Amino acid sequence: MLLLDRYSLGVGDRFAHQAKAQLRACILAAEKGIAISPVWNKSFREHGIVGSQPQSVRDAADAAVRALGWNKPYHVDADHINLDTAGGFLSSSDFFTIDVASAIGQPAPEAEVRAFLKRRPELSGDMEVEGLATPIRFTPDGVARTVAQYLAAVIQAGRIYRHIENRKGAGTFITEVSMDETDAPQTPPELLIILAAIADYGIPIQTIAPKFTGRFNKGVDFVGDPEGFAREFSADLAVIAHAVKRYSLPGNLKLSVHSGSDKFSIYGAIRDAVARTGAGVHVKTAGTTWLEEIIGLAEAGGEGLAMSKEVYAKAYHDRDALCAPYAAVIDIDPARLPAPEDVQSWNSARMTAALRHDQTCKDYNPHMRQLLHVGYKVAAKMGARYLDALAACEESISRNVTDNLLHRHILRVFPSGR
Ligand SMILES: [Zn+2]
C-alpha cells in the first residue's frame with residue numbers, strides 16, 4: 001500500500017510556477033534533520049478559478065523533482081474532491097482528499113444507523129483512551145446525535161473512495177477524508193465515532209481533516225484560544241491512536257490541518273504534541289505561496305512592484321465577488337483596506353511590509369493580506385502578462401517562497417529528528 005510519511009507538507013501553487021522553490025524548502029529542512037514529504041495540492045475550486053487542469057500540478061511537481069534530484073517521496077493531492085469532480089484527477093493524483101462536508105447533517109438510511117450501533121456496542125458508557133486524563137463518556141443520546149450528524153458523510157466518503165479504488169486500484173493512492181469546511185467543529189469523542197464508522201465502511205484512511213475549534217482564516221494567524229487548541233489537538237491524537245488499534249485502521253493515520261499556513265500561534269502546540277506522542281501530521285499551506293509571489297513581485301521593484309499594485313487595485317474593486325466563495329474562512333474589515341490610490345505611491349519596502357506575515361511589523365496589514373489571498377483570480381485573468389512577470393522576477397519570488405515555507409512554517413511546526 002502506498003503510505004504517506006510521518007511528516008508531510010501540503011504545498012499549493014496557483015500558477016504552477018513555484019514547485020522548485022517549494023521543494024527547495026523541503027531539501028533545506030532535510031539538511032536540518034527534518035524529513036518531510038511535499039504534497040502538491042490543488043482543489044477543483046482552484047482549478048476552476050484559475051482555469052488550469054489537474055495534470056499541470058503533476059507536471060510541475062515531476063519537473064521540480066527531476067531538476068533538484070529529489071529522491072524521497074512526494075505526492076500530488078486531488079484536494080477537496082467529491083463524486084462529481086474526482087474523475088479529472090484520477091490519472092494525475094496519488095493522494096485524494098475526499099470532501100464530505102456537504103453530507104454532514106444529512107440523514108443516513110435508518111437500517112445503516114441501526115447496523116452501525118449494533119456493530120459498535122463499545123460506544124456506550126465509559127471508554128478508557130490512553131492519553132486522555134478522563135474516560136470518554138458515551139451516552140445513548142449523544143452517540144445517536146453524532147451518528148445522525150456524521151454517518152451519511154462517512155457513507156458518502158466510502159462511495160467516493162470506492163469510485164477511485166475501482167479506477168486506480170487498491171493501495172495505489174493515499175486517502176484523506178476532510179470535514180473541515182463546515183461550521184461546527186468535531187469534538188474528540190465525535191472523531192472517535194467517525195473513525196469507527198470509517199473503518200466499518202472499509203476506507204483505508206491515512207489522514208483526516210477535522211474542523212478544529214477556532215478560526216482558520218486564509219493566510220493569517222489562528223483566531224481563538226491557542227491553549228484550547230493544544231488540548232483539542234492532543235485529545236484528537238489520543239483518539240486516533242486508539243482508533244488505529246481498536247478498528248485496525250492504517251497505522252500511519254494522522255491529522256491533516258487544513259488552512260494550515262500562517263497559523264503561527266498554534267505551531268508550537270502541534271510540534272510539541274507530535275514530538276511527545278510520536279504521531280505524524282500533515283499541514284496544508286497552499287495559499288501562502290501565492291502571497292509570496294505577490295511579495296516577491298513587489299520586492300523586485302519596477303514592473304514587478306507595479307504588477308503587485310495592479311493585482312491589489314483590481315482585487316480591491318472586485319472584493320465582494322472575490323470574497324464570496326471564501327466568506328467562511330476570511331475576516332476582512334473593508335475600513336482597514338488601504339485605498340489603491342494610496343498604495344500607488346508605496347515603494348517596495350512599504351508594500352512588502354504590509355503583506356509579509358510579520359506580526360511585529362507596524363505596517364503589516366492582515367486585511368490586505370486576506371483580500372489578496374482570495375484575489376488570485378485577478379492574476380489568473382491577466383494570463384500571460386502575469387506569468388511573464390513571474391518569470392522576470394523569479395529570483396526574488398523563489399527566494400521568498402522558499403524562505404517563507406522553511407522559516408515561518410516547516411521549522412516551526414515539525415519537530416527536528418535530531
Ligand atoms: Zn480544506
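So, to get us going: into which domains is the chain divided? There are two entries here: domain 1, covering 7-287 + 406-413, and domain 2, covering 291-401. Those bounds come from an automatic or database domain assignment.

Before I go on, a bit of housekeeping. Residues are numbered from 1 along each chain, as its sequence is written. And this is a predicted model, where local features need pLDDT of at least 70, side-chain atom pairs count only at pLDDT 80 or more, and totals for chains, interfaces and linings use all residues.

Okay, back to the domains. Taken over C-alpha atoms, the centres of domain 1 and domain 2 are 29 Å apart. Their contact takes 22 residues from domain 1 and 21 residues from domain 2; by contact I mean that the C-beta atoms of two residues, placed from the backbone, lie within 7 Å. On the domain 1 side, the elements that give two or more residues are α1 (19-31) and α2 (44-50). When I say helix or strand, I'm talking about DSSP runs, numbered from the N terminus: H or I with at least four residues for helices, E with at least two for strands. By class, that side of domain 1 has 6 nonpolar, 8 polar and 8 charged residues. Here Ala, Val, Leu, Ile, Met, Phe, Trp, Tyr, Cys and Pro count as nonpolar, Asp, Glu, Lys and Arg as charged, and the others, Gly among them, as polar.

Now let's look at some strands. Start with β7, residues 174-178. Of its 5 residues, 5 are buried. Buried means 20 or more other C-beta atoms within 10 Å of the residue's own, exposed means 12 or fewer, and partly exposed is in between, with C-beta atoms placed from the backbone. Ile 174, Glu 176 and Ser 178 point one way from β7, while Thr 175 and Val 177 point the other way.

Who pairs with β7? Strand β4 (residues 95-99) does, in the parallel sense, over 5 bridges; for strands to pair, DSSP has to find at least two bridges between them. Asp 99 stands opposite Ser 178 in β7. Then there's β8, residues 205-209, where again 5 of 5 residues are buried. β7 and β8 run parallel and are joined by 4 bridges, with Glu 176 partnering Thr 207 in β8.

β7, helix α6 (residues 188-200) and β8 make a right-handed β-α-β unit. β8, helix α7 (residues 226-247) and β9 make one as well. Right-handed means that, with the strands pointing away from the viewer, the path from the first strand over the helix to the second runs clockwise.

Let me stay with α6 for a moment. How many of its 13 residues are buried? The count is 12, so α6 is largely enclosed by the rest of the structure. Among the buried ones are Pro 188, Pro 189, Leu 195 and Ala 199. They pack against α4 (110-119), β6 (136-138), α5 (140-168), β7, β8 and α7. After α6 comes Gly 202, with a positive phi near 70°.

One of the helices on that packing list is α4, and Phe 116 lies in it. Phe 116 has 21 C-beta neighbours inside 10 Å, so it counts as buried. Leaving out residues up to four places away in sequence, Phe 116 touches Val 147, Leu 151, Ala 197 and Asp 200.

His 80 has a phi of about 55° and is found in strand β3 (residues 75-81). Ser 248 has a phi of about 50° and is in the loop between α7 and β9.
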